[in-house]
Every structure is written in structure tokens, then in C-alpha cells.
Amino acid sequence: MKLDRGQIEIISKYFSDISKILFVSTVLGFLIPSEPLNISLFVFVLGSIATMFFIVFSVIIVKQSKI
């Protein structure tokens, strides 16, 4: 199935939003500790890696659609 440019941009925005959610919930949650939410170092590292993966994947999708 071939996607048009609009669909590709929507998918790219979706992955970009996922990266934002992961960043806020894991990375910022680790750096700004609070009593009810205790994020371990493992979750911090995994969240950081997942955030980078999703933002890079989003950029790659957009670049491929412009070629």
C-alpha cells in the first residue's frame, strides 16, 4: 500500500507525539523526582532510547516522503 504525502505527515506527527510523551513521562519524571512517582534508572535510560528512536524515525519518514 502506497501512502500519500498527507498520510505520511500524519504518521510522522504521530511518532513525534509519542516521543514527546515518552520524554515527559520518563526523562522529565526521572529528573524531577516526586514521592508518588519513582522512576528507576533503567526506565530513564529505556525512555531516553525510545524517545530518540521515535523522533529519528519521524524525521526519516518525512525525509523519505520529500524525495
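**Salt bridge and core**

Tutor: One salt bridge is present in the structure. Please bear in mind that this is a predicted model.

Student: Which residue forms a salt bridge with aspartate 17?

Tutor: A salt bridge requires a side-chain nitrogen of Lys or Arg within 4 Å of a carboxyl oxygen of Asp or Glu. For aspartate 17, the closest N and O atoms of the pair are 3.5 Å apart. The partner is lysine 20.

Student: How are aspartate 17 and lysine 20 separated in helix α1?

Tutor: Aspartate 17 is partly exposed at 38% relative accessibility, and lysine 20 is partly exposed at 49%. The two lie three residues apart in helix α1, so their separation is about one helical turn.

Student: Which element gives the largest share of the largest nonpolar core?

Tutor: That core consists of five residues, namely Ile8, Phe15, Ile18, Phe54 and Ile61. Two elements, α1 (5-31) and α2 (41-66), each give two or more residues to this core. The largest share, three residues, comes from α1.

Student: Is alanine 50 buried, partly exposed or exposed?

Tutor: Alanine 50 is located in helix α2, and its C-alpha atom is separated by 8.6 Å from that of phenylalanine 23, 27 residues apart along the chain. Buried means under 20% relative accessible area, and exposed means over 50%. Because the value for alanine 50 is 24%, this residue is partly exposed.

Methods. Residues numbered from 1 in each chain as written. Predicted model: local features only at pLDDT ≥ 70, side-chain atom pairs only at ≥ 80, totals over all residues. Heavy atoms only, no water. Core = buried A, V, L, I, M, F, W, Y, C linked by side-chain atoms within 4.5 Å. Buried < 20%, exposed > 50% of the residue type's maximum accessible area, 1.4 Å probe, protein only. Helix = DSSP H or I, 4+ residues; strand = E, 2+ residues; numbered from the N terminus.
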